Amino acid sequence: MSEAPKAKPTPDIKPPSLLDTVFSVLASFFGVQSHENRVRDFSAGKPVVFIIVAIVLTVLFVLGLVAIVKLMLHNAGV
């Protein structure tokens with residue numbers, strides 16, 4: 001069986017930085033992404049980095065929600 005060729009970054013597309021990756025993951029949370037960022041992410045980005053950033057941001061989001069709910073319940077006297 002032959003393997004599908006792996007996409008290699010083209011010379012004019014540079015790999016996304018960590019900050020670019022964070023912004024791309026945040027944009028994916030809201031379902032918005034520019035076409036050129038999507039092209040950059042899929043042609044030059046590493047999937048593992050996107051997965052790790054997405055997991056970290058999801059955990060931070062959930063912990064933030066838990067903290068807000070606890071704060072509200074504490075202030076409500078429950």
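Buried means under 20% relative accessible area, exposed over 50%, and partly exposed in between, with a 1.4 Å probe and protein chains only. This is a predicted model, in which local features need pLDDT of at least 70, side-chain atom pairs count only at pLDDT 80 or more, and totals for chains, interfaces and linings use all residues. Residues are numbered from 1 along each chain as its sequence is written, and side-chain values use heavy atoms, with hydrogens and water left out.

View 1. Helices here are DSSP runs (H or I, at least four residues), strands are E runs of at least two, and both are numbered from the N terminus. Starting at the N terminus, the order of elements is α-α-α. Of the chain's 78 residues, 17% count as buried. The mean pLDDT (the predictor's confidence in each residue, from 0 to 100) is 87 for the chain, and 86% of its residues reach 70 or more. Among the elements, helix α3 (residues 47-76) has the highest mean, 96, while helix α2 (residues 35-44) has the lowest, 89. Where pLDDT is low, the predicted coordinates should not be read in detail.

**View 2. Leu19 belongs to a nonpolar surface patch.** Patch residues have over 30% relative accessible area and no salt bridge; like charges are joined within 9 Å, and nonpolar side chains (Val, Leu, Ile, Met, Phe, Trp, Tyr) within 5 Å. The areas come from the Shrake-Rupley method with a 1.4 Å probe, and for residues only the protein chains shown count as cover. Leu19 sits in helix α1 (residues 18-30). Why does Leu19 count as exposed? Because its relative accessibility is 53%.

**View 3. Asp20, Arg40 and Asp41 are linked in a network of salt bridges.** A salt bridge is a side-chain nitrogen of Lys or Arg within 4 Å of a carboxyl oxygen of Asp or Glu. The structure holds two of them. In one, the closest N and O atoms of Asp20 and Arg40 are 4.0 Å apart. This pair links distant parts of the chain, 20 residues apart: Asp20 is in helix α1 and Arg40 in helix α2. Asp41 also pairs with Arg40, at 3.0 Å from N to O. Asp20 is partly exposed at 24% relative accessible area, Arg40 is buried at 13%, and Asp41 is buried at 9%.

**View 4. The largest pocket holds about 210 Å³ of space.** Among its 13 lining residues, Gln33, Arg38, Asp41, Phe42 and Phe50 are the closest to its centre. A pocket is an open set of points on a 1 Å grid over the protein atoms alone, where a 1.4 Å probe fits, with protein on both sides within 12 Å along at least five of seven lines; lining residues have an atom within 4 Å of a point. Helix α1 gives the largest share of the lining, four residues.

Conventions:
Points joined across faces, edges and corners; volume = space filled by probe spheres on them.
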